[in-house]
Amino acid sequence: MTGQRFRRSRRQFLKLTALGAAGTAMASTLSSDRAISKSPPTGSTLRASTGDRLRRMLADVRRALRKPDSERRWIMVIDPRRCVGCRACVVACKAENVTPPGVSYREVPEVELGLYPQVNRIFMPTNCMQCDNPPCQKAAPEGAIVKRPDGIVAIDYTKFTSREAFEAARRACPYAALYWDDGTFATTGTPSSPQPYETRTFYEYDGVYARTGGAPPVGSARKCHFCVHRLEAGLLPACVSTCIGGAMAFGDHNDPESLVSELLATHRVIRVNERAGTQPRVYYIEDELPNVRRLISCTVCHR
Ligand code: SF4
Ligand code: SF4
């Protein structure tokens, strides 16, 4: 182990040790309805069934669609206490966007805390943060990444075809949210490759695609776009509508009646790596997660 690696490991070790007590408290709240219901003062929101929340968010999205693009502010609010680590959202996302091996718009890292015997784990669902000040855009070729009026950070597959430019944008993103579609299939190397589910047509942004013949998005950068094609059809992002725990809320922050506005107004929230100045649009509820402000950092999830 080099000195530098050792110092980093030791820092991580000390950080996790310091977080041990906090982790114990977190674990006791993760699956506890009683703990969830203690969240002031929105017990009714957090106690609402996942189905009720989905119905409310669908209504929120459809209300937002009646406004001009520039008057909507799409955001996501994630409650780690509700995440059970099933990764159904990851599968739903892969199926929705037909992403190849090594490309996952969405990940649910497991964060380990503490020192034996006080060890715990939490799940941290994550995806592109749709930053309001996206460094990926500055590093990408002109027009390859655009910030839409509704806040979604979109890729133009026809302009983001340089692997070198992709590497620059990937390095600029503090959240490791960009991927390269190299055209492989999960079945590559087998006698029956590719399978129809790997070459079927699918929708992203305002286009229809199929991963055949090297056509885009093969040979381009890819990332989460809040399922903009579903939003524009009045649907929720695939991950949100699939989440069995109701861990994610989605909607229009400019609408005071929306669930996301209510959650932001009534809970302590943080955004990951705010010091980078990227102004992410994904928020994490930190109620009853002591010291979570120190916990949620890129270095914990991306060791
Ligand atoms: S999370 Fe990364 S890829 Fe997404 S908008 Fe921010 S900088 Fe760009
Ligand atoms: S579907 Fe929901 S509960 Fe399951 S891993 Fe994803 S965010 Fe967590």
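Which residues of helix H6 are buried? Before getting to that, a quick reminder that this is a predicted model.

## Helix H6 and its cover

The buried residues of H6, which spans residues 88–97, are Cys-89, Val-90, Ala-92, Cys-93 and Asn-97. Look down the axis of H6 and these buried residues sit within an arc of 165 degrees, so they line one face of the helix.

With a relative accessible area of 22%, Glu-96 counts as partly exposed, the cut-off for buried being under 20%. Leaving aside residues up to four places away in sequence, Glu-96 touches Arg-200, Phe-202, Cys-227, His-229, Arg-230 and Ala-238. Take Phe-202 from that list: 106 residues separate it from Glu-96 along the chain, yet their C-alpha atoms are 7.3 Å apart.

## Two residues with positive phi

What does the backbone do just after H6? There, Val-98 takes a positive phi of about 45 degrees, and Val-98 is a residue other than glycine. Val-98 sits in the loop between H6 and S2. Its relative accessible area is 7%, so Val-98 is buried.

Cys-227, one of the residues that Glu-96 touches, has a positive phi too, of about 50 degrees, although it is not a glycine. You'll find Cys-227 in the loop between S11 and H10. Cys-227 counts as buried, at 7% relative accessibility. As background for both cases, most residues other than glycine have a negative phi.

## Cis peptide bonds

Now for the peptide bonds worth a look. As a rule, most peptide bonds are trans. Here, a cis bond joins Ser-193 and Pro-194, with omega at about -5 degrees. Pro-194 is in the loop between S8 and helix H9 (196–199).

Another cis bond links a pair of prolines, Pro-216 and Pro-217, and its omega is about 10 degrees. Pro-217 lies in the loop that runs between strand S10 (207–209) and S11.

## Helix H8, inside and out

Which residues of H8 are buried? In this helix (residues 163–172) they are Ala-165, Phe-166 and Ala-169. Seen down the axis of H8, they fall within an arc of 100 degrees, so they line one face of the helix. Glu-164 and Arg-171, on the other side of H8, are exposed.

The cover over the buried residues of H8 includes helix H7 (135–139), strand S8 (179–180) and S11.

## H5 against H12

Two packed helices are described by the angle between their axes and the distance between the axes. For helix H5 (residues 50–64) and helix H12 (residues 259–266), the axes come within 9 Å and cross at roughly 110 degrees. An angle from 65 to 115 degrees counts as roughly perpendicular, so that is how H5 stands to H12.

Which residues make the contact? From H5 come Arg-53, Arg-56, Met-57 and Asp-60, and from H12 come Leu-259, Glu-262 and Leu-263. By class, the contact of H5 with H12 has 3 nonpolar residues, 4 charged ones and no polar ones.

## Around the two ligands

Ligand 1 has around it Cys-128, Met-129, Gln-130, Cys-131, Pro-134, Pro-135, Cys-136, Val-153, Cys-173, Tyr-175, Leu-178 and Lys-223. That shell divides into 10 nonpolar, 1 polar and 1 charged residues.

Ligand 2 has 13 residues around it, and those that come nearest are Cys-83, Cys-86, Arg-87, Cys-89 and Cys-243. Its shell has 10 nonpolar, 1 polar and 2 charged residues.

## The chain as a whole

Stepping back, the chain has 14 helices and 14 strands. Of its 303 residues, 50% count as buried. Among contacts between residues at least 6 apart in sequence, 66% join residues at least 24 apart.

Technical notes. Residues numbered from 1 in each chain as written. Chains lettered and ligands numbered in written order. Predicted model: local features only at pLDDT ≥ 70, side-chain atom pairs only at ≥ 80, totals over all residues. Heavy atoms only, no water. Near = heavy atom within 4 Å. Nonpolar A, V, L, I, M, F, W, Y, C, P; charged D, E, K, R; others polar. Buried < 20%, exposed > 50% of the residue type's maximum accessible area, 1.4 Å probe, protein only. Helix = DSSP H or I, 4+ residues; strand = E, 2+ residues; numbered from the N terminus. Arc of directions from axis to C-beta. Axes fitted to C-alpha atoms, helices over the stretch in contact; angles between N-to-C directions. Parallel < 35°, antiparallel > 145°, perpendicular 65-115°, else oblique. Contact = heavy atoms within 4.5 Å.
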